[in-house]
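Let's take a walk through this fold, helix by helix, and then stop at a few individual residues.

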Amino acid sequence: MTRTNAREIVAQLVYEMQFREDSAHDVARAHMEPDYFGTLRDEADVYQEKPDAKQAAYIESTLCGIEEKREELEGYIRKYAIGWDFKRISRTARAIMLLAMYECLYVHDVPTSAAISEAVELTRKYEDEDVVSFVNGILGAFAREVAPA
């Protein structure tokens, strides 16, 4: 499994956590269980290959980190989404931006430009071009001010 696929899984889990009370640790562990992971193959291409130990660790640590830093990260979205009510931003876009911002700030082996590029491409997979431009603009402003490459 590639890091790109692992990122997509994290984004999906961040999205899912917006509807659940479970901890990030519990959600990550449950999704990595072989019996459960196998049932996801029919839902999305990203689940065709089970993560190796390194990618599973990335998924869990990133998901838990986003949970821990959620208030800070959402603050950045609010700051750079000028003129937008946070609740009007799609949950998918929010999940992807949380992931990208977390990677920029806290995952030291991921360059800021890579985190943003991957986030834009992932947004393109799930949202229309207006949302892609919106996400790119917010992440660009965030990167220039908070996480310069």
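This is a predicted model: local features need pLDDT of at least 70, side-chain atom pairs count only at pLDDT 80 or more; totals for chains, interfaces and linings use all residues.

## How α4 and α5 cross

Two packed helices are described by the angle between their axes and the distance between the axes. Here the pair to look at is helix α4 (residues 53-80) and helix α5 (residues 91-106): their axes come within 8 Å and cross at roughly 100°.

Who does the touching? On the α4 side, the contact is made by Y58, S61, T62, G65, I66, K69, R70, E72, L73, E74, Y76 and I77. On the α5 side, the partners are R94, M97, L98, L99, M101, Y102, E103, L105 and Y106. Sort the residues of this α4 with α5 contact by type and you get twelve nonpolar, three polar and six charged.

## The nonpolar core

The largest nonpolar core has 55 residues, and I9 and M97 are the ones that touch the most other members. The elements giving two or more residues to this core are α1 (3-17), α2 (24-32), α4, α5, α6 (112-126) and α7 (129-145). Of these, α5 gives the most, with eleven residues.

Once you set aside its neighbours within four places in sequence, M97 is in contact with I77, I89, F134, V135, I138 and L139. M97 also turns up on the α5 side of the contact with α4, and I77 on the α4 side.

Start with α5. Its 16 residues should span 22 Å at 1.5 Å a residue, and the end C-alpha atoms are 22 Å apart, so the two values agree. This helix is mostly covered, with 13 of its 16 residues buried.

Now α1. It has 15 residues and reaches 21 Å from its first C-alpha to its last, close to the 21 Å expected at 1.5 Å a residue. Eleven of those 15 residues are buried, so α1 is largely enclosed by the rest of the structure. The buried set is R3, A6, R7, E8, I9, V10, A11, Q12, L13, V14 and M17. What covers these buried residues includes α2, α3 (34-39), α4, α5 and α6.

## A buried threonine

Is T62 buried or exposed? T62, which is found in helix α4, is buried, with a relative accessible area of 1%. Leaving aside neighbours within four places in sequence, T62 is in contact with V10, L99, Y102 and V107.

K125 has its place in helix α6. At 43% relative accessibility, K125 counts as partly exposed.

A57 lies in helix α4 and counts as partly exposed at 44% relative accessibility. Take A57 and L13 as a pair: they are 44 residues apart in sequence and 14 Å apart in space, C-alpha to C-alpha. E33 is found in the loop between α2 and α3, and with 47% relative accessibility E33 is partly exposed too. E33 and K50 are 17 residues apart in sequence and 9.8 Å apart in space, again C-alpha to C-alpha.

Key
Residues are numbered from 1 along each chain as its sequence is written. Side-chain values use heavy atoms; hydrogens and water are left out. Axes are lines fitted to C-alpha atoms, for helices over the stretch in contact, and angles run from 0 to 180 degrees between N-to-C directions. Helices (H or I, at least four residues) and strands (E, at least two) are DSSP runs, numbered from the N terminus. Contact means heavy atoms within 4.5 Å. Ala, Val, Leu, Ile, Met, Phe, Trp, Tyr, Cys and Pro count as nonpolar, Asp, Glu, Lys and Arg as charged, and the others, Gly among them, as polar. A nonpolar core is a set of buried Ala, Val, Leu, Ile, Met, Phe, Trp, Tyr and Cys residues joined through side-chain atoms within 4.5 Å. Buried means under 20% relative accessible area, exposed over 50%, partly exposed in between (1.4 Å probe, protein chains only). The expected span of a helix is 1.5 Å times one less than its number of residues.
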